[in-house]
Amino acid sequence: MTTHQLPPVCIVGLGLIGGSLMRDLHSRGERVYGFTLHGAGAARRDGFDVSDSVEEVLRRAEDDGALVVVAVPMRAVASVLDQVAELAPSCGITDVVSVKKPVYDLVVERGMESRYVGGHPMAGTEFSGWTASQEGLFASAAWAVTFDYAREHPGDPEWASLFTVVCRMAAVVGAEAVPVSVDRHDEAVARVSHLPHVIAEALALVGDHGGTLAQSLSAGSFRGATRVASTDPELVRNMCETNAESLVPVLDEFIDLLQGARDSLSGESRSLEDLTKSGHRAHLRMAARKGARRESVSPVEISSRPIMRVHPGTPGWEKQLVQIESVGGRVEVF
(Lines give C-alpha, C1' and ligand atoms only; values in the text may rest on other atoms or scores of the structure.)
Protein backbone atom coordinates (compact mmCIF):
# COMPACT_ATOMS: atom_id res chain seq x y z
CA MET A 1 0.00 0.00 0.00
CA THR A 2 1.40 3.39 -1.05
CA THR A 3 1.86 5.90 1.76
CA HIS A 4 1.37 9.48 0.68
CA GLN A 5 3.05 12.36 2.47
CA LEU A 6 0.60 14.89 1.04
CA PRO A 7 -3.08 15.23 0.21
CA PRO A 8 -3.86 15.24 -3.51
CA VAL A 9 -2.28 18.26 -5.21
CA CYS A 10 -4.07 20.17 -7.98
CA ILE A 11 -1.79 22.49 -9.95
CA VAL A 12 -3.43 25.26 -11.95
CA GLY A 13 -0.86 26.29 -14.56
CA LEU A 14 1.81 23.92 -15.84
CA GLY A 15 4.62 26.09 -17.10
CA LEU A 16 8.22 25.79 -15.94
CA ILE A 17 7.45 25.91 -12.19
CA GLY A 18 4.03 24.26 -12.10
CA GLY A 19 5.13 21.60 -14.58
CA SER A 20 8.35 20.85 -12.68
CA LEU A 21 6.37 20.58 -9.45
CA MET A 22 4.04 18.08 -11.12
CA ARG A 23 6.96 16.02 -12.41
CA ASP A 24 8.64 15.89 -9.00
CA LEU A 25 5.48 15.03 -7.07
CA HIS A 26 4.57 12.34 -9.60
CA SER A 27 8.04 10.80 -9.48
CA ARG A 28 7.78 10.57 -5.69
CA GLY A 29 4.45 8.75 -5.82
CA GLU A 30 2.24 11.63 -4.73
CA ARG A 31 -1.25 12.15 -6.16
CA VAL A 32 -1.04 15.10 -8.52
CA TYR A 33 -3.06 16.41 -11.41
CA GLY A 34 -3.48 19.76 -13.05
CA PHE A 35 -4.70 22.19 -15.65
CA THR A 36 -3.01 24.03 -18.49
CA LEU A 37 -4.33 25.66 -21.61
CA HIS A 38 -1.08 25.24 -23.50
CA GLY A 39 0.66 21.89 -23.51
CA ALA A 40 -2.06 19.72 -22.01
CA GLY A 41 -1.73 17.22 -24.84
CA ALA A 42 2.04 17.07 -24.52
CA ALA A 43 1.76 16.60 -20.75
CA ARG A 44 -0.71 13.73 -21.19
CA ARG A 45 1.57 12.12 -23.75
CA ASP A 46 4.33 12.34 -21.16
CA GLY A 47 2.11 10.30 -18.83
CA PHE A 48 0.68 12.99 -16.56
CA ASP A 49 -2.90 13.56 -15.38
CA VAL A 50 -3.60 16.89 -17.06
CA SER A 51 -6.77 18.59 -18.29
CA ASP A 52 -7.40 21.65 -20.40
CA SER A 53 -10.54 22.41 -18.36
CA VAL A 54 -9.95 24.41 -15.19
CA GLU A 55 -13.53 23.78 -14.10
CA GLU A 56 -12.99 20.05 -14.30
CA VAL A 57 -9.80 20.00 -12.21
CA LEU A 58 -11.12 22.40 -9.57
CA ARG A 59 -14.33 20.42 -9.08
CA ARG A 60 -12.18 17.32 -8.76
CA ALA A 61 -9.96 19.12 -6.25
CA GLU A 62 -13.01 19.97 -4.14
CA ASP A 63 -14.15 16.35 -4.18
CA ASP A 64 -10.65 15.15 -3.23
CA GLY A 65 -9.91 17.75 -0.55
CA ALA A 66 -6.84 18.65 -2.59
CA LEU A 67 -4.27 21.37 -2.08
CA VAL A 68 -4.68 23.85 -4.94
CA VAL A 69 -1.42 25.33 -6.25
CA VAL A 70 -1.87 28.54 -8.25
CA ALA A 71 0.97 28.51 -10.78
CA VAL A 72 -0.10 31.16 -13.27
CA PRO A 73 1.38 34.60 -14.05
CA MET A 74 0.36 37.40 -11.70
CA ARG A 75 -2.00 38.89 -14.26
CA ALA A 76 -4.11 35.69 -14.13
CA VAL A 77 -4.12 35.15 -10.36
CA ALA A 78 -7.31 37.10 -9.62
CA SER A 79 -9.28 35.10 -12.18
CA VAL A 80 -7.97 31.79 -10.85
CA LEU A 81 -8.78 32.76 -7.25
CA ASP A 82 -12.33 33.60 -8.32
CA GLN A 83 -12.63 30.17 -9.92
CA VAL A 84 -11.23 28.48 -6.81
CA ALA A 85 -13.71 30.38 -4.64
CA GLU A 86 -16.60 29.15 -6.80
CA LEU A 87 -15.53 25.60 -7.64
CA ALA A 88 -13.23 24.52 -4.78
CA PRO A 89 -14.53 26.52 -1.80
CA SER A 90 -13.10 24.24 0.89
CA CYS A 91 -9.64 23.56 -0.58
CA GLY A 92 -6.43 24.89 0.88
CA ILE A 93 -4.55 27.19 -1.48
CA THR A 94 -0.91 27.98 -2.10
CA ASP A 95 0.89 29.54 -5.05
CA VAL A 96 4.30 29.83 -6.69
CA VAL A 97 4.09 33.43 -7.89
CA SER A 98 7.30 35.47 -7.59
CA VAL A 99 5.65 38.31 -5.65
CA LYS A 100 3.71 37.75 -2.47
CA LYS A 101 2.04 40.97 -1.27
CA PRO A 102 0.00 41.53 -4.46
CA VAL A 103 -1.20 37.92 -4.28
CA TYR A 104 -2.01 38.19 -0.57
CA ASP A 105 -3.96 41.40 -1.21
CA LEU A 106 -6.10 39.57 -3.77
CA VAL A 107 -6.62 36.69 -1.33
CA VAL A 108 -7.68 39.07 1.47
CA GLU A 109 -10.06 40.92 -0.87
CA ARG A 110 -11.85 37.61 -1.41
CA GLY A 111 -11.84 36.63 2.27
CA MET A 112 -9.74 33.54 1.53
CA GLU A 113 -6.77 34.23 3.81
CA SER A 114 -7.68 31.53 6.34
CA ARG A 115 -7.09 28.87 3.69
CA TYR A 116 -4.09 30.39 1.93
CA VAL A 117 -0.36 29.94 2.54
CA GLY A 118 1.79 31.77 0.01
CA GLY A 119 4.76 30.09 -1.61
CA HIS A 120 7.62 30.94 -3.94
CA PRO A 121 10.31 28.44 -4.94
CA MET A 122 13.60 30.22 -5.63
CA ALA A 123 14.41 28.10 -8.65
CA GLY A 124 14.00 28.34 -12.38
CA THR A 125 15.63 28.72 -15.75
CA GLU A 126 15.38 31.24 -18.55
CA PHE A 127 12.95 28.93 -20.38
CA SER A 128 9.19 28.64 -20.00
CA GLY A 129 6.26 26.36 -20.69
CA TRP A 130 5.58 22.67 -20.06
CA THR A 131 8.42 21.59 -22.35
CA ALA A 132 10.86 23.53 -20.14
CA SER A 133 9.72 21.74 -16.97
CA GLN A 134 12.04 19.17 -15.46
CA GLU A 135 12.51 16.84 -12.53
CA GLY A 136 14.91 18.03 -9.86
CA LEU A 137 14.45 21.75 -10.46
CA PHE A 138 13.86 22.43 -6.76
CA ALA A 139 16.67 20.32 -5.31
CA SER A 140 18.23 22.25 -2.38
CA ALA A 141 16.33 25.40 -3.38
CA ALA A 142 14.84 27.83 -0.89
CA TRP A 143 11.03 27.76 -0.97
CA ALA A 144 9.53 30.89 0.60
CA VAL A 145 6.43 30.12 2.68
CA THR A 146 4.42 33.06 4.01
CA PHE A 147 3.03 33.28 7.53
CA ASP A 148 1.31 36.69 7.81
CA TYR A 149 -2.02 35.10 8.75
CA ALA A 150 -0.47 33.30 11.72
CA ARG A 151 0.57 36.55 13.36
CA GLU A 152 -3.03 37.74 13.37
CA HIS A 153 -4.64 34.36 14.09
CA PRO A 154 -2.01 32.29 15.94
CA GLY A 155 -4.51 29.79 17.31
CA ASP A 156 -6.09 28.66 14.02
CA PRO A 157 -5.38 24.89 13.81
CA GLU A 158 -6.64 24.50 10.25
CA TRP A 159 -4.30 27.20 8.97
CA ALA A 160 -1.41 25.65 10.93
CA SER A 161 -2.21 22.33 9.25
CA LEU A 162 -2.16 23.98 5.82
CA PHE A 163 1.19 25.62 6.61
CA THR A 164 2.50 22.16 7.49
CA VAL A 165 1.28 20.71 4.19
CA VAL A 166 2.93 23.46 2.13
CA CYS A 167 6.24 23.03 3.97
CA ARG A 168 6.07 19.27 3.47
CA MET A 169 5.36 19.69 -0.22
CA ALA A 170 8.51 21.78 -0.53
CA ALA A 171 10.46 19.08 1.31
CA VAL A 172 9.04 16.29 -0.86
CA VAL A 173 10.47 17.93 -3.98
CA GLY A 174 13.84 18.52 -2.33
CA ALA A 175 13.48 22.19 -1.38
CA GLU A 176 13.88 23.86 2.00
CA ALA A 177 11.02 25.96 3.38
CA VAL A 178 11.92 29.53 4.40
CA PRO A 179 9.25 31.35 6.46
CA VAL A 180 8.70 34.92 5.29
CA SER A 181 6.25 37.78 5.64
CA VAL A 182 4.93 39.07 2.33
CA ASP A 183 6.55 42.51 2.59
CA ARG A 184 10.00 41.21 3.49
CA HIS A 185 9.77 38.59 0.77
CA ASP A 186 9.06 41.12 -1.95
CA GLU A 187 11.89 43.41 -0.85
CA ALA A 188 14.34 40.49 -0.76
CA VAL A 189 13.41 39.11 -4.18
CA ALA A 190 13.59 42.61 -5.65
CA ARG A 191 17.28 42.48 -4.71
CA VAL A 192 18.22 38.94 -5.68
CA SER A 193 15.75 37.98 -8.40
CA HIS A 194 14.04 40.92 -10.07
CA LEU A 195 16.96 43.38 -10.15
CA PRO A 196 19.18 40.80 -11.90
CA HIS A 197 16.61 40.62 -14.69
CA VAL A 198 16.68 44.39 -15.15
CA ILE A 199 20.50 44.40 -15.12
CA ALA A 200 20.67 41.54 -17.61
CA GLU A 201 18.39 43.32 -20.07
CA ALA A 202 20.39 46.55 -19.84
CA LEU A 203 23.73 44.75 -20.08
CA ALA A 204 22.58 42.83 -23.15
CA LEU A 205 21.72 46.16 -24.80
CA VAL A 206 25.09 47.71 -23.91
CA GLY A 207 26.91 44.67 -25.30
CA ASP A 208 24.84 44.65 -28.47
CA HIS A 209 25.60 48.34 -29.02
CA GLY A 210 29.21 47.28 -29.52
CA GLY A 211 28.24 45.67 -32.80
CA THR A 212 29.54 42.48 -34.32
CA LEU A 213 33.01 42.74 -32.76
CA ALA A 214 31.60 42.92 -29.21
CA GLN A 215 29.24 40.09 -30.05
CA SER A 216 32.14 37.97 -31.28
CA LEU A 217 34.33 38.71 -28.25
CA SER A 218 31.68 38.18 -25.61
CA ALA A 219 32.66 35.34 -23.32
CA GLY A 220 31.61 33.55 -20.14
CA SER A 221 31.22 36.53 -17.84
CA PHE A 222 28.96 38.32 -20.33
CA ARG A 223 26.93 35.19 -21.08
CA GLY A 224 26.51 34.46 -17.39
CA ALA A 225 25.49 38.01 -16.54
CA THR A 226 22.95 38.19 -19.38
CA ARG A 227 21.59 34.63 -19.24
CA VAL A 228 18.20 35.61 -17.84
CA ALA A 229 17.73 38.22 -20.58
CA SER A 230 16.66 35.27 -22.73
CA THR A 231 13.57 34.89 -20.53
CA ASP A 232 10.23 35.64 -22.21
CA PRO A 233 9.92 39.47 -22.01
CA GLU A 234 6.32 39.21 -20.85
CA LEU A 235 7.35 37.07 -17.89
CA VAL A 236 10.06 39.56 -16.94
CA ARG A 237 7.65 42.47 -17.19
CA ASN A 238 5.07 40.59 -15.17
CA MET A 239 7.41 39.88 -12.24
CA CYS A 240 9.15 43.26 -12.19
CA GLU A 241 6.15 45.50 -12.77
CA THR A 242 4.07 43.78 -10.11
CA ASN A 243 6.91 44.29 -7.62
CA ALA A 244 7.69 47.88 -8.62
CA GLU A 245 7.10 49.22 -5.11
CA SER A 246 10.02 47.15 -3.80
CA LEU A 247 12.11 47.19 -6.98
CA VAL A 248 12.38 50.95 -7.48
CA PRO A 249 14.30 51.65 -4.22
CA VAL A 250 16.59 48.72 -4.97
CA LEU A 251 17.23 50.10 -8.46
CA ASP A 252 18.10 53.45 -6.87
CA GLU A 253 20.60 51.71 -4.60
CA PHE A 254 22.17 49.93 -7.56
CA ILE A 255 22.32 53.11 -9.64
CA ASP A 256 24.06 54.90 -6.76
CA LEU A 257 26.72 52.19 -6.71
CA LEU A 258 27.22 52.46 -10.46
CA GLN A 259 27.41 56.24 -10.21
CA GLY A 260 30.01 55.91 -7.49
CA ALA A 261 32.06 53.56 -9.66
CA ARG A 262 31.80 55.94 -12.60
CA ASP A 263 32.86 58.92 -10.50
CA SER A 264 35.81 57.00 -9.11
CA LEU A 265 36.96 55.83 -12.54
CA SER A 266 36.64 59.30 -14.04
CA GLY A 267 38.61 60.94 -11.22
CA GLU A 268 42.33 61.24 -10.81
CA SER A 269 42.73 57.91 -9.02
CA ARG A 270 40.75 55.90 -11.61
CA SER A 271 40.12 53.28 -8.94
CA LEU A 272 37.53 50.59 -8.40
CA GLU A 273 39.10 49.48 -5.13
CA ASP A 274 36.12 50.24 -2.90
CA LEU A 275 33.56 48.55 -5.14
CA THR A 276 35.65 45.48 -5.94
CA LYS A 277 36.66 44.81 -2.34
CA SER A 278 33.23 45.39 -0.83
CA GLY A 279 31.53 43.50 -3.66
CA HIS A 280 33.88 40.55 -3.22
CA ARG A 281 33.16 40.41 0.52
CA ALA A 282 29.43 40.60 -0.16
CA HIS A 283 29.72 37.73 -2.63
CA LEU A 284 31.50 35.58 -0.07
CA ARG A 285 28.76 36.26 2.48
CA MET A 286 26.05 35.39 -0.02
CA ALA A 287 27.86 32.24 -1.11
CA ALA A 288 28.29 31.14 2.50
CA ARG A 289 24.52 30.99 2.91
CA LYS A 290 24.49 28.15 0.40
CA GLY A 291 26.79 26.04 2.53
CA ALA A 292 24.46 25.03 5.36
CA ARG A 293 24.59 21.53 6.71
CA ARG A 294 21.28 19.80 7.30
CA GLU A 295 22.24 19.16 10.93
CA SER A 296 22.72 22.89 11.64
CA VAL A 297 20.12 24.08 14.15
CA SER A 298 21.76 27.19 15.58
CA PRO A 299 19.82 30.41 14.89
CA VAL A 300 23.03 32.44 15.28
CA GLU A 301 25.10 30.51 12.77
CA ILE A 302 25.19 33.39 10.32
CA SER A 303 27.71 31.76 8.00
CA SER A 304 25.26 29.05 6.96
CA ARG A 305 21.56 28.41 6.53
CA PRO A 306 20.24 27.35 9.94
CA ILE A 307 17.57 24.68 10.05
CA MET A 308 15.03 25.16 12.86
CA ARG A 309 12.18 22.87 13.75
CA VAL A 310 8.69 24.01 14.72
CA HIS A 311 5.41 22.37 15.61
CA PRO A 312 2.72 24.45 13.86
CA GLY A 313 -0.19 25.37 16.06
CA THR A 314 1.59 25.10 19.40
CA PRO A 315 1.72 28.19 21.64
CA GLY A 316 4.22 30.75 20.39
CA TRP A 317 4.99 28.98 17.14
CA GLU A 318 4.38 32.11 15.06
CA LYS A 319 7.08 33.88 17.09
CA GLN A 320 9.48 31.12 16.12
CA LEU A 321 8.71 31.85 12.48
CA VAL A 322 9.57 35.52 12.95
CA GLN A 323 12.87 34.51 14.55
CA ILE A 324 13.67 32.10 11.72
CA GLU A 325 12.82 34.78 9.14
CA SER A 326 15.17 37.22 10.88
CA VAL A 327 18.17 34.95 10.23
CA GLY A 328 17.04 33.71 6.80
CA GLY A 329 16.72 30.21 8.22
CA ARG A 330 14.97 27.12 6.97
CA VAL A 331 12.07 25.53 8.84
CA GLU A 332 11.21 21.90 9.31
CA VAL A 333 7.75 21.02 10.61
CA PHE A 334 6.77 18.05 12.73
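**Entry 1: the loop at P154**

Helices here are DSSP runs of H or I with at least four residues, numbered from the N terminus. With that in hand, I looked up P154 in this predicted model and found P154 in the loop between α6 (148-152) and α7 (157-172). Is P154 buried, exposed or partly exposed? I read a relative accessibility of 33%, so P154 counts as partly exposed. Leaving aside residues up to four places away in sequence, I found P154 touching W317 and E318. I also checked P154 against A188: the two are 34 residues apart in sequence, and their C-alpha atoms are 25 Å apart in space.

**Entry 2: α4 and α5**

Next I turned to helix packing. Two packed helices are described by the angle between their axes and the distance between the axes. For helix α4 (residues 74-87) and helix α5 (residues 101-109), I noted axes that come within 10 Å and cross at roughly 20°. Angles under 35 degrees count as roughly parallel, so α4 is roughly parallel to α5. The crossing of α4 past α5 is right-handed. Which residues make this contact? I listed M74, V77, A78 and L81 from α4, and P102, V103, L106 and V107 from α5. Sorted by class, this contact holds 8 nonpolar residues, with no polar and no charged ones.

**Entry 3: α5 and α8**

I stayed with α5 and moved to its packing with helix α8 (residues 182-208). Their axes are 9 Å apart, and the angle is about 150°. That is over the 145 cut-off, so α5 runs roughly antiparallel to α8. On the α5 side I found K101, P102 and Y104, and these meet V182, D183 and D186 of α8. The class count here is 3 nonpolar, no polar and 3 charged residues. P102 is a name I had already written down, among the α5 residues that contact α4.

**Entry 4: α8 and α11**

Then I followed α8 to helix α11 (residues 233-242), where the axes are 10 Å apart and the angle is about 130°. The two helices are therefore oblique to each other. I recorded a left-handed crossing for α8 past α11. H194, H197, V198 and E201 are the α8 residues in this contact, and V236, M239 and C240 are their partners in α11. By class I have 4 nonpolar, 2 polar and 1 charged residues.

**Entry 5: cysteines**

How many does a search of the whole structure find? The search finds 0. C167 has 4% relative accessibility, so C167 counts as buried.

**Entry 6: positive phi**

Last, a look at the backbone. S140 is not a glycine, yet its phi is positive at about 65°. S140 sits in the loop between β6 (119-121) and β7 (142-146), and its relative accessible area of 52% makes S140 exposed. R270 also has a positive phi, near 45°. I located R270 in the loop between α12 (244-266) and α13 (273-288). Is R270 buried or exposed? Its relative accessibility is 67%, so R270 counts as exposed.

Note on methods:
Residues are numbered from 1 along each chain as its sequence is written. This is a predicted model: local features need pLDDT of at least 70, side-chain atom pairs count only at pLDDT 80 or more; totals for chains, interfaces and linings use all residues. Side-chain values use heavy atoms; hydrogens and water are left out. A disulfide is a pair of cysteine sulfur atoms within 2.5 Å. Buried means under 20% relative accessible area, exposed over 50%, partly exposed in between (1.4 Å probe, protein chains only). Axes are lines fitted to C-alpha atoms, for helices over the stretch in contact, and angles run from 0 to 180 degrees between N-to-C directions. Angles under 35 degrees count as roughly parallel, over 145 as roughly antiparallel, 65 to 115 as roughly perpendicular and the rest as oblique. A crossing is left-handed if the near helix is turned anticlockwise from the far one by less than a right angle, and right-handed if clockwise. Contact means heavy atoms within 4.5 Å. Ala, Val, Leu, Ile, Met, Phe, Trp, Tyr, Cys and Pro count as nonpolar, Asp, Glu, Lys and Arg as charged, and the others, Gly among them, as polar.
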